[in-house]
Amino acid sequence: MMNKLVSLLFAIILIGCNDVDDLVNSSTQNPVDVYIAGVKTNNAAYWKNNQSYLLTGGNGGEATKICVSNNNLHVLGKKTLDNWRTEYLYWENGNLINLNTAFNTPAQYVHSITDMEVVGNDVYFVGYTKNPLLAVEIYELAYWKNGVKTVLDNNINNPTFQAKIKVVTNTVYVIGNTSSCFNSCHGIYVNNVFQSVSVGDLLKDITVKDNQVYVYGTNTSTNTGFYKNMATGVETTLTTIPSVFKLLFDNNNTFVADGVNIFKNNTQIYSSSFFSFYLDFIALNNNVYILKRDGDFGTFDAVYINDINVFQIFVDQGRFNALTVVQN
């Protein structure tokens, strides 16, 4: 209990510092900007180096992902309407675009936007659309580049899978399902061409190291995590980790999160508990940034840099959803 009290007092002292940039830099010994996407006072919001910004038109919504590219800030968010339909929102440098309105056509309405990718000045979204005139539950899996839609499959019957997108050297990678299959219906689209994974493999997301693309996830048959280099085809099985929820490479280090724990080179560096569990993490230049729901029964969200609490918010005032870190 005393350790928790000391940690909380230390966090309060840090939050009270006037020079936020110096706080972040002294914690990492590198000049970085730390961005958080989330909610503040029931409004979609983001934080840059602990300074909060409410997003226009985000009342009742939340920010779910944040990216920085060419000094432009991109935020993806959503809100649930009174009819229980979800409205997907996107802000570029604070300017709001309603993605439902932007992407809806008479033939296809947006069902969900599941991911965003920004490369240079190009903005990509991936998700599902549905013909509003048809009662049958058939959906299109598609992505949009700067508003232009590409349909990957027009006969998807399960839009609950959270499709992911990554773009590397002008190649578009999308994790999803296909309807044109006999047995292997799950895999990854590479420039719109579907490549199935082995039966039992379930992909979670995509990461990049030195312009080489890796997919990762879990083998539901063996209950083991894995990641695979798309260029070489080499697959690494993690026999002691049941699932890979997030994979990052930093210098010569490999970081894996299994939904509960975080490992560095197969050594556990963080373990969630009933009172503290991670929401997101970043590894950059030998520093580890962890977004946590913390405190007794999750009373506050916090950002830890190398195990130091540098910023927090009590959940009755807001919450954090996602993290990104930009090296200056």
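Me: How many disulfides does the count come to?
Reply: One disulfide, where the rule is a pair of cysteine sulfur atoms within 2.5 Å. Bear in mind that this is a predicted model, so local features need pLDDT of at least 70, side-chain atom pairs count only at pLDDT 80 or more, and totals for chains, interfaces and linings use all residues. Residues are numbered from 1 along each chain as its sequence is written, and side-chain values use heavy atoms, with hydrogens and water left out.

Me: Which residues does the disulfide join?
Reply: Cys181 and Cys185, with 1.9 Å from S to S. The link of Cys181 and Cys185 is right-handed, with 75° about the S-S bond.

Me: OK, charges now. How many salt bridges does a search of the whole structure find?
Reply: Five, taking a salt bridge as a side-chain nitrogen of Lys or Arg within 4 Å of a carboxyl oxygen of Asp or Glu. One of them pairs Glu62 with Arg319 at 3.4 Å, N to O. Glu62 sits in strand S4 (residues 61–69) and Arg319 in strand S28 (residues 318–327), so this pair ties together parts 257 residues apart in sequence. Strands here are DSSP runs (E, at least two residues), numbered from the N terminus.

Me: And what does Asp115 meet in a salt bridge?
Reply: Lys65, at 2.7 Å, N to O. Asp115 is in strand S8 and Lys65 in strand S4, 50 residues apart. Asp115 is buried, with a relative accessible area of 4%, whereas Lys65 is partly exposed at 25%.

Me: Which sheet order is strand S8 part of?
Reply: S8-S9-S10-S11, an open sheet of four strands with antiparallel pairing. Strand S8 (109–119) and strand S11 (148–156) are the edge strands, each pairing on one side only. Two strands pair if DSSP finds at least two bridges between them.

Me: How many bridges join S9 to S10?
Reply: Seven, between residues 122–130 of S9 and residues 139–145 of S10. Tyr128, for one, has Leu141 in S10 as its bridge partner.

Me: Last one: where is Phe297 found?
Reply: In the loop between strand S25 (287–294) and strand S26 (300–305). Phe297 is exposed, at 65% relative accessible area.

Notes. Buried means under 20% relative accessible area, exposed over 50%, partly exposed in between (1.4 Å probe, protein chains only).
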